[in-house]
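Hi,

Here is the structure I promised to pass on. Have a look at it first, then read my notes on its pockets below.

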Amino acid sequence: MEQRLSLITLGVADIARSRAFYEALGWKASGIGGGEVAFFQAGGMIFSLFGRADLAKDAGLSEEGAGFRGIALAYNTRSRDDVDSVLAEMVAAGATLVKPAAEAPWGGYSGYAADPDGHLWEIAWNPGFPIAEDGSVNLPG
């Protein structure tokens, strides 16, 4: 198995609502999917939204479950100040502020917001993970 992620799919209650949320943040959805799934190009991978019940069915699992999911998506910013502005932009688009940004024990600055379905996003500035011009982040040597 090659060490990479190809796609991240979130199970959502309402694809149109979730698509509108991410589009309000400036993300551009692909024309494919026919309303049953929404795809967004995210650098060298794809981010997608799929009905929660359909995603559970596809995996052969029950869709029941709530609360902490044991996962957080992360968006690293280019500067410390960008953390607060991205969190504010997310809240304005319909996210819930989970944890206001604060100094992090690892030397950066971060906070958390949840999208309309409760999917957790960490918004962070990490001085040890510089962001290239193309938006990629590479682990230091």
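Let me start with the second largest pocket, which has a volume of about 360 Å³. A pocket here is an open set of points on a 1 Å grid over the protein atoms alone, where a 1.4 Å probe fits, with protein on both sides within 12 Å along at least five of seven lines; lining residues have an atom within 4 Å of a point. Points are joined across faces, edges and corners, and a volume is the space filled by probe spheres set on them.

This is a predicted model: local features need pLDDT of at least 70, side-chain atom pairs count only at pLDDT 80 or more, and totals for chains, interfaces and linings use all residues. Numbering runs from 1 along each chain as its sequence is written, and side-chain values use heavy atoms, without hydrogens or water.

Back to that second largest pocket: 17 residues line it, and Gly11, Arg52, Leu55, Arg69 and His119 are the closest to its centre. Two or more lining residues come from each of β1 (7-12) and α2 (52-59), with α2 giving the largest share, 4 residues. (Helices are DSSP runs of H or I, at least four residues, and strands are runs of E, at least two, numbered from the N terminus.)

The largest pocket has a volume of about 1,100 Å³. Of its 29 lining residues, Ala42, Met45, Ala74, Gly135 and Val137 are the closest to the centre. β3 (45-51), β4 (73-76) and α3 (80-93) each give two or more residues to this lining, and the largest share, 4 residues, is from β4.

Cheers
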